[in-house]
Amino acid sequence: MGRIASHLRREWRSHLGTLALVLAVFLGVQAWQTRGVPAGPVPELAFTLIAPDGSRTPTTLSAWRAQHPGQPVALHVWADWCPICRTEEHSISRLVPGGRVLTVAMQSGQADAVARVLAQRQLPWPTAVDPRGEMARALGFKAVPAFVVVDGQGQLRGATVGYTTELGMRLRLWWADWF
């Protein structure tokens with residue numbers, strides 16, 4: 001172990017360069033994947049909301065956001081057919097109890113089909129049904145999973161496409177709350 005530590009100390013600059021390159025590639029890919037997400041205010045969206053208890057209500061994004069005045073909220077776009085979305089389910093389920101997460105079921109069928117998926121997978125999420133992907137497109141997303149924060153003033157911030165860790169989601173919400 002001492003030999004490895006000694007080698008790392010001698011070669012730290014080259015490792016730092018490699019880390020910087022990996023970080024630059026990662027950030028570049030994220031920028032490319034979120035290039036369609038509009039800057040500025042979140043668009044007004046109408047949808048059917050499936051509540052965690054299974055009830056369904058027609059509503060709008062502004063009406064849902066009004067339940068959290070001045071607070072940032074998160075939108076998580078997913079699909080029942082997406083394997084990466086399944087990987088994120090646990091993280092979203094742990095984030096939802098705070099009440100500031102709305103999931104959007106993109107191209108996963110009508111409300112009955114989405115409700116069945118939520119029940120089968122035991123997902124206690126408030127979910128907007130987006131059968132044709134219109135909400136996702138309005139938010140600028142062409143792929144799933146996607147995550148974006150709407151700050152307290154209604155501005156889109158911190159968008160990401162692809163797998164996002166629970167910590168990454170929480171940090172985006174925290175960042176929008178403080179800045």
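1. A word on terms before we look around: a residue is called buried when its relative accessible area is under 20%, exposed when that area is over 50%, and partly exposed in between (1.4 Å probe, protein chains only). By that rule Ala128, at 0% relative accessibility, counts as buried. Ala128 is found in strand E5; helices (H or I, at least four residues) and strands (E, at least two) are DSSP runs, numbered from the N terminus.

2. Some housekeeping. What you see is a predicted model, in which local features need pLDDT of at least 70 and side-chain atom pairs count only at pLDDT 80 or more, while totals for chains, interfaces and linings use all residues. Residues are numbered from 1 along each chain as its sequence is written, and side-chain values use heavy atoms, with hydrogens and water left out.

3. Now the overall picture. The protein has seven helices and seven strands, and along the sequence these follow the pattern α-α-β-β-α-β-α-β-α-β-α-β-β-α. Its C-alpha atoms fill a box of roughly 60 × 35 × 25 Å, taken along the principal axes. Of the 179 residues, 42% count as buried. Contact here means heavy atoms within 4.5 Å; among the contacts with a separation of 6 or more, 69% are between residues 24 or more positions apart.

4. Back to Ala128, to see what surrounds this residue. Leaving aside neighbours within four places in sequence, Ala128 is in contact with Phe47, Thr48, Leu49, Leu102, Thr103, Val104, Ala105 and Met135. Pro97 is 31 residues from Ala128 along the chain, and their C-alpha atoms are separated by 17 Å.

5. Helix H4 deserves a careful look. H4 runs over residues 83–95, and its 13 residues reach 19 Å from the first C-alpha to the last, close to the 18 Å expected at 1.5 Å a residue; the expected span is 1.5 Å times one less than the number of residues. H4 also has a kink of about 45°, centred on Glu89. The bend at a residue is the angle between axes fitted to the seven residues ending there and the seven starting there.

6. Which residues of H4 are buried? They are Cys85, Glu88, Glu89, Ser91, Ile92, Ser93 and Leu95. Their cover includes strand E3 (73–78), strand E4 (101–106), strand E6 (146–150) and helix H7 (166–178).

7. Glu166, Gly168, Met169, Leu173 and Ala176 are the buried residues of H7, and they pack against E3, H4, E6 and strand E7 (156–161).

8. How do the two helices meet? Two packed helices are described by the angle between their axes and the distance between the axes. For H4 and H7 the angle is about 40° and the axes are 9 Å apart; axes are lines fitted to C-alpha atoms, for helices over the stretch in contact, and angles run from 0 to 180 degrees between N-to-C directions. H4 and H7 are therefore oblique to each other, given that angles under 35 degrees count as roughly parallel, over 145 as roughly antiparallel, 65 to 115 as roughly perpendicular and the rest as oblique. On the H4 side, Glu88, Ser91, Ile92, Arg94 and Leu95 meet Glu166, Met169, Arg170 and Leu173 of H7.

9. His76 links several of these elements. This residue is found in strand E3 and is buried, with a relative accessible area of 0%. Not counting residues up to four places away in sequence, His76 touches Glu88, Ile92, Leu102, Thr103, Val104, Pro145, Ala146 and Phe147.

10. Pro145 also belongs to a feature of the backbone: a cis peptide bond joins Val144 and Pro145, with omega about -5°. Pro145 sits in the loop between helix H6 (134–138) and E6.

11. Two glutamines are worth checking. Gln107, in the loop between E4 and helix H5 (111–120), has a positive phi of about 50° although it is not a glycine; at 36% relative accessibility, Gln107 counts as partly exposed. Gln122 has a positive phi of about 55°, and it is not a glycine either. Gln122 lies in the loop between H5 and strand E5 (127–130) and is exposed, with a relative accessible area of 67%.

12. Finally, visit Pro41, in the loop between helix H2 (12–33) and strand E1 (46–50). Pro41 is exposed, with a relative accessible area of 58%. Pro41 and Gln155 are 114 residues apart in sequence, yet 4.3 Å apart in space, C-alpha to C-alpha.
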